[in-house]
Amino acid sequence: MRSDTEEVTHRRLESLQADEDWLPKNRAAIHNKIERAFDQFERGEGLTPEESLAQLEAKKVSRRAQQRRA
């Protein structure tokens with residue numbers, strides 16, 4: 001039987017491995033999203049800090065509501 005410390009370490013190593021596996025598979029998509037965002041910003045389609053914070057807050061509220069329903 002593993003100790004709690006061993007279990008936490010094992011799970012963290014698995015998580016790191018999953019991250020390392022995920023990044024190369026998604027690198028092109030990430031790059032494309034970043035380029036698209038820069039293009040939008042250059043066209044003046046960027047959000048103000050206030051708009052960005054409002055969107056993040058709305059997402060947080062929505063996520064919490066979904067968690068309560070689950």
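Before anything else I wrote down my terms: buried means under 20% relative accessible area, exposed means over 50%, and partly exposed lies in between (1.4 Å probe, protein chains only).

I noted that this is a predicted model, where local features need pLDDT of at least 70, side-chain atom pairs count only at pLDDT 80 or more, and totals for chains, interfaces and linings use all residues. Residues are numbered from 1 along each chain as its sequence is written, and side-chain values use heavy atoms, with hydrogens and water left out.

**Overall shape.** I found two helices and zero strands in the protein chain (DSSP runs, H or I of at least four residues for helices and E of at least two for strands, numbered from the N terminus). Of its 70 residues, 0% count as buried.

**Salt bridges.** I looked up pairs with a side-chain nitrogen of Lys or Arg within 4 Å of a carboxyl oxygen of Asp or Glu, and the structure holds three such salt bridges.

Which residue pairs with Glu57? I found Lys60, with the closest N and O atoms 3.2 Å apart. Glu57 is partly exposed at 40% relative accessibility, and Lys60 is partly exposed at 31%.

Next I checked Glu7 and Arg11, whose side chains meet at 2.9 Å, N to O. They are four residues apart in helix α1 (residues 4-42), again about one helical turn. Glu7 is partly exposed at 25%, whereas Arg11 is exposed at 56%.

My last pair was Arg43 and Glu45, at 3.0 Å, N to O. Arg43 counts as exposed at 51%, and Glu45 as partly exposed at 44%.
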